[in-house]
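Dear colleague,

I am handing over the structure below for your attention.

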Amino acid sequence: MKDNNKKKLKLKVSAIKDGTVIDHIPTQNLFKVISILGLDKIENQITFGANLESGKLGSKAIIKVSDRFFEDDEINKIALIAPHAKLNIIRDYEVAEKKVVGVPKEITGIVKCFNPKCITNHEKMTTRFRVVATSPIALRCKYCEKHTVGDQIKML
Amino acid sequence: MKRDLISITDYSKDEYLEIMKLAAEFEKNPNQNLLEGKVVASLFFEPSTRTRLSFETAISRLGGRIIGIADPGSSSTSKGETLHDTIKMVSNYADLIVMRHSLEGAARYAAEVSPVPVINAGDGANQHPTQTLLDMYSILKTQGSLDNINIFMVGDLKYGRTVHSLLMAMSEFENPIFNFIAPPELQMPAEYKMFLREKGIRFFEHREFTDIISEADIIYMTRVQKERFSDPIEYEQVKNVYILRNEMLAKTKPNLKILHPLPRVNEIHTDVDKNEKAYYFTQALNGVYTREAIISHIMNLK
Ligand SMILES: [Zn+2]
């Protein structure tokens with residue numbers, strides 16, 4: 001029965017003519033990924049699965065979007081919350097290209113500055129960070145110049 | 001493109017030297033009507049009488065007119081207006097904005113919003129670049145050079161933004177040596193020590209004043225504030241360790257000068273004031289010339 005379900009899901013996920021499959025998203029960040037990529041605001045056909053078994057992540061999620069392709073700097077926005085995500089670009093039912101997520105040099109919006117005295121936490125404005133290290137990720141706030149590092153990173 | 005001054009590292013070594021040169025000119029001839037017909041907004045969202053008076057003196061000596069906020073209680077922010085809207089409005093009135101704010105990054109944000117130049121007169125614990133430039137001018141004036149200076153920084157080196165900015169700026173010059181004297185709780189943060197190591201600049205750390213100050217060209221004193229300590233007993237233990245007294249200066253170098261961003265509390269004993277090595281009041285006066293120089297540089301008046 002369980003195997004059957006898996007098979008069904010697999011069938012569903014691979015049944016995409018043209019579009020993008022984003023795999024290996026941590027389940028708890030699925031809806032953040034959807035929101036960061038703006039998938040909640042488009043009319044394309046989207047299916048997703050959550051709480052799927054994954055050796056690496058324990059539990060993963062997967063998103064399938066029809067007729068939507070992402071530029072690298074778009075997809076790199078999810079690097080902070082889905083650093084191991086893998087993309088399959090599908091054309092005519094075939095995997096035409098594979099991509100991995102890279103950590104961008106700059107991050108605009110998305111992340112909250114951890115410094116409570118930072119202007120970005122008091123004014124309606126966009127946060128801006130420069131990525132100054134990648135493991136753990138360290139972000140330098142353009143405004144208060146403080147570093148937000150690793151576990152301090154919170155999404156807006 | 002308009003130029004702002006938000007962080008000391010926004011400027012290059014050449015620009016530091018250009019401002020030093022202008023400051024020396026203004027010291028010789030402080031009254032120059034370069035800002036005639038211009039309006040400068042002096043926005044002190046957080047009160048700082050000392051810095052405000054220094055800026056407003058500089059603007060007045062340049063012949064400019066001042067509009068502004070001196071008492072944050074009366075300002076639009078207390079009525080809930082955003083910084084964005086205040087800056088949008090004021091930048092329509094003025095040719096230059098000088099601002100101080102308690103929130104970190106406020107000046108950088110204002111500079112983004114404003115079509116006219118913004119000078120940061122302090123944004124919380126973050127930056128106060130005009131203080132750094134006047135410190136540099138004081139060092140240059142008294143030592144004849146910004147190269148080969150042995151600087152002792154004393155007191156609160158952890159939260160003291162003035163010492164951090166001075167360290168960054170002086171690191172642009174040849175062969176500086178830094179000596180840090182601070183209690184364990186208030187030591188120079190690791191990121192600055194790493195910066196010095198990467199640049200191959202020598203620095204030494206000490207827990208208290210010793211004969212080592214006989215090597216100093218500059219002693220830069222800062223306040224050790226009680227509220228910086230989580231344990232009040234620790235404050236009681238260290239509060240008298242970082243006080244400079246006249247007798248301690250007996251064996252120091254003849255060119256030594258003692259700087260302090262002011263106001264002082266008790267960290268420089270008043271018996272030091274009559275020593276010719278005490279320089280903090282002249283340092284404050286240098287602030288007016290340096291701010292005249294910064295304004296002229298930013299507004300392309302010279
Ligand atoms: Zn910040």
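Predicted model: local features only at pLDDT ≥ 70, side-chain atom pairs only at ≥ 80, totals over all residues.

The buried residues are Pro129(B), Thr130(B), Gln131(B), Thr132(B), Leu133(B), Leu134(B), Asp135(B), Met136(B), Tyr137(B), Ser138(B), Ile139(B) and Leu140(B). Helix H5 comprises residues 129–143 of chain B, and its end C-alpha atoms are 21 Å apart; at 1.5 Å a residue its 15 residues should span 21 Å, so the two values agree. Gly144(B) follows H5(B) and has a positive phi, near 80 degrees.

**Helix H2 of chain B**

Helix H2 of chain B (residues 49–61) has 13 residues. From its first C-alpha to its last it reaches 18 Å, close to the 18 Å expected at 1.5 Å a residue. Its buried residues are Thr51(B), Arg52(B), Ser54(B), Phe55(B), Glu56(B), Ala58(B), Ile59(B) and Arg61(B). Among the elements of chain B that cover them are strand S1 (39–44), strand S2 (65–69), strand S3 (96–101), strand S4 (118–123) and helix H9 (280–298). After H2(B) comes Gly63(B), with a positive phi near 80 degrees.

**Chain B as a whole**

Chain B contains nine helices and nine strands. Its radius of gyration is 19 Å, close to the 19 Å given by the globule rule for 302 residues, so chain B is as compact as a globular protein of that length. The C-alpha trace of chain B spans about 55 × 45 × 40 Å along its principal axes. Of its 302 residues, 47% count as buried. Among the contacts in chain B with a separation of 6 or more, 75% come from residues 24 or more positions apart.

The domain assignment divides chain B into domain 1 (31–127) and domain 2 (130–284). The C-alpha centres of these domains of chain B lie 29 Å apart. Six residues of domain 1 of chain B are in contact with six residues of domain 2 of chain B. On the domain 1 side of that contact in chain B there are three nonpolar, two polar and one charged residues.

**Domains of chain A**

For chain A, the domain assignment gives domain 1 (2–100) and domain 2 (106–155). Their C-alpha centres in chain A are 27 Å apart. The contact between them takes five residues from domain 1 of chain A and five residues from domain 2 of chain A. The side of domain 1 of chain A that touches domain 2 of chain A has three nonpolar, no polar and two charged residues.

An unreviewed UniProt entry lists residues 106–152 of chain A as "domain: Aspartate carbamoyltransferase regulatory subunit C-terminal". This span of chain A is 0% helix and 43% strand, and its end C-alpha atoms lie 17 Å apart.

**The annotated cysteines of chain A**

The "binding site" annotation in UniProt, from an unreviewed entry, covers Cys113(A), Cys118(A), Cys141(A) and Cys144(A). They span 32 residues in sequence, yet no two of their C-alpha atoms are more than 8.9 Å apart, so they gather at one spot.

Cys141(A) lies in strand S9 (residues 137–141) of chain A. It is buried, with 24 other C-beta atoms within 10 Å. Leaving aside neighbours within four places in sequence, Cys141(A) is in contact with Cys113(A), Asn115(A), Cys118(A), Phe129(A), Lys146(A), Thr148(A) and Gly105(B).

Cys144(A) is in the loop between S9 and strand S10 (147–149) of chain A. It counts as buried, with 28 C-beta neighbours inside 10 Å. Not counting residues up to four places away in sequence, Cys144(A) touches Cys113(A), Asn115(A), Cys118(A), Ile119(A), Glu104(B), Gly105(B) and Asn126(B).

**The contact between the chains**

The contact between the chains takes 12 residues from chain B and 14 residues from chain A. On the chain B side, helix H3 (83–93) and helix H4 (106–113) each supply at least two residues. H4(B) gives the most to this side, with three residues. By class, the side of chain B that touches chain A has four nonpolar, six polar and two charged residues.

With kind regards

Technical notes
Residues numbered from 1 in each chain as written. Chains lettered and ligands numbered in written order. Domains from an automatic or database assignment. Contact = placed C-beta atoms within 7 Å. Nonpolar A, V, L, I, M, F, W, Y, C, P; charged D, E, K, R; others polar. Helix = DSSP H or I, 4+ residues; strand = E, 2+ residues; numbered from the N terminus. Expected span 1.5 Å × (residues − 1). Buried ≥ 20, exposed ≤ 12 C-beta atoms within 10 Å, placed from the backbone. Rg over C-alpha atoms; globule rule 2.2 N^0.38 Å. UniProt positions renumbered as here; feature names shortened; annotations may be inferred.
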